[in-house]
Amino acid sequence: MERTSKTAIGLMSGTSMDGVDAAAVRIYDDYNFEFISGHSLKYPDDVRTKLLEIANNNAVTSDICFMDFVTGKLFAQCANELIEKAGLNPKDVDYIASHGQTVFHIPEDKSIGNITAKSTLQIGNISVIAELTGITTVGDFRSRDMACGGQGAPLVPFADELIFKKDKNRAIQNIGGIGNVTVLSKDCDTFAFDTGPGNMLIDGVMHELFNLPYDKDGQIAAKGQIDNEFLNRLLTEDYYKKFPPKSTGRELFNDIYLQNILQNSPENKYDTVASVTALSAKTIADAYKNFVLPKTSLDEIVLGGGGAYNRTLKNLIRDYTQLPVKTHADFNIDDKYKEAIAFALLGFCTLNHTPNNLPACTGAKKKVIMGVVAYS
Ligand SMILES: Nc1ncnc2c1ncn2[C@@H]1O[C@H](COP(=O)(O)OP(=O)(O)O)[C@@H](O)[C@H]1O
Ligand SMILES: [Mg+2]
């Protein structure tokens with residue numbers, strides 16, 4: 001009997017706010033999948049600036065309202081460009097699954113009156129995407145997990161379990177704006193959490209000191225020396241000591257945070273980039289030591305996300321953990337499109353009415369079907 005499959009497009013934009021990544025994927029009923037093609041759309045500078053203002057709490061409600069539709073249009077454009085590039089017929093794409101653009105995430109309980117809630121907001125309106133692509137679009141994945149007590153993050157471990165078999169004990173370490181790890185081991189249930197900053201502070205420092213968006217291949221960091229006194233001060237941040245489940249974002253590691261750390265940074269700007277790069281690597285290594293190794297040994301690390309291209313960061317992670325460091329590319333998965341693929345898989349479950357959160361990773365009280373649908 002022929003296997004049935006769906007053709008999907010996953011859309012992702014993370015906390016780096018660099019732009020939209022789209023992955024076309026064929027997904028079979030047994031959850032095996034084939035990557036068809038990927039495409040990225042960089043946010044126009046003005047759009048990125050406005051999104052950063054929103055994420056830094058420096059925007060007004062009308063900005064959020066407007067940018068929901070603006071980003072919806074950009075997500076749709078990215079999907080349409082991918083369809084064209086991959087030579088797909090839009091009619092053959094069964095659905096789009098869009099993470100959206102997180103502009104605010106409050107994973108801890110907050111109270112007003114006598115009401116307590118966790119909350120999150122991803123913009124990139126799915127009705128706009130469905131309209132402009134003509135394709136049924138799934139979005140708003142995180143809310144349902146949070147509605148039942150979860151952190152709404154991380155969601156990608158669901159896909160990690162499908163992609164990697166548990167033949168080795170692995171730390172699947174994504175390095176987007178924030179770093180997050182999924183621990184896949186024979187010795188324990190899958191768990192995951194945000195380790196701390198990934199590229200976010202590196203990008204911020206690069207912007208402030210070099211007027212560049214990021215440290216390409218880690219070349220600037222490689223020219224500097226790590227200032228251990230500065231690094232040790234950065235490591236006193238409380239987030240690193242918190243036990244998982246835990247998640248973080250621009251709400252903590254934002255512009256104010258960046259300006260604060262720059263006040264006491266080394267005189268040599270290359271040393272500042274080297275030290276902030278070391279912060280990402282060290283917090284990853286410390287997170288393994290404190291929260292992973294007590295539960296399971298690790299055989300290797302698999303890096304993903306844009307930070308996988310930062311060679312200085314990769315070398316530091318290897319030095320601090322003393323573990324072999326691979327990337328998704330070693331498993332035939334494009335590091336850039338892995339999270340977009342993950343959302344295509346999550347959307348597959350939504351449309352099949354299959355629970356797709358992992359309570360052990362998010363802290364939710366139960367398994368739920370995440371995702372909301374805008375029909376074509
Ligand atoms: N060649 C590269 N060298 C170093 N860093 C890179 C490179 N390419 C991308 N990056 C980093 O990756 C980030 C984007 O990563 P991404 O996985 O898209 O993160 P997010 O999920 O937060 O959007 C960029 O902001 C940049 O910091
Ligand atoms: Mg990105």
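Me: What separates strand 2 from strand 3 in the hairpin that they form?
Reply: Four residues stand between the two strands, and Tyr 31 in this turn has a positive phi of about 75°. The model is predicted, with local features requiring pLDDT of at least 70 and side-chain atom pairs pLDDT 80 or more, whereas totals for chains, interfaces and linings use all residues. Residues are numbered from 1 along each chain as its sequence is written, chains are lettered from A and ligands numbered from 1 in the order written, and side-chain values use heavy atoms, without hydrogens and water.

Me: Why are strand 2 and strand 3 called paired?
Reply: Pairing requires at least two DSSP bridges between strands, themselves DSSP runs of E, at least two residues long, numbered from the N terminus. Strand 2 (residues 19-28) and strand 3 (residues 33-42) share nine, in the antiparallel sense, and therefore pair.

Me: What makes the Gly 177 and Gly 306 approaches to ligand 1 polar contacts?
Reply: With a ligand, a polar contact is a pair of N or O atoms within 3.5 Å. An oxygen atom of ligand 1 is 2.8 Å from a polar backbone atom of Gly 177, and one is 2.9 Å from a polar backbone atom of Gly 306; both pairs therefore qualify.

How values were computed
Polar contact = N/O pair within 3.5 Å; in protein donor to acceptor, adjacent residues only side chain to side chain.
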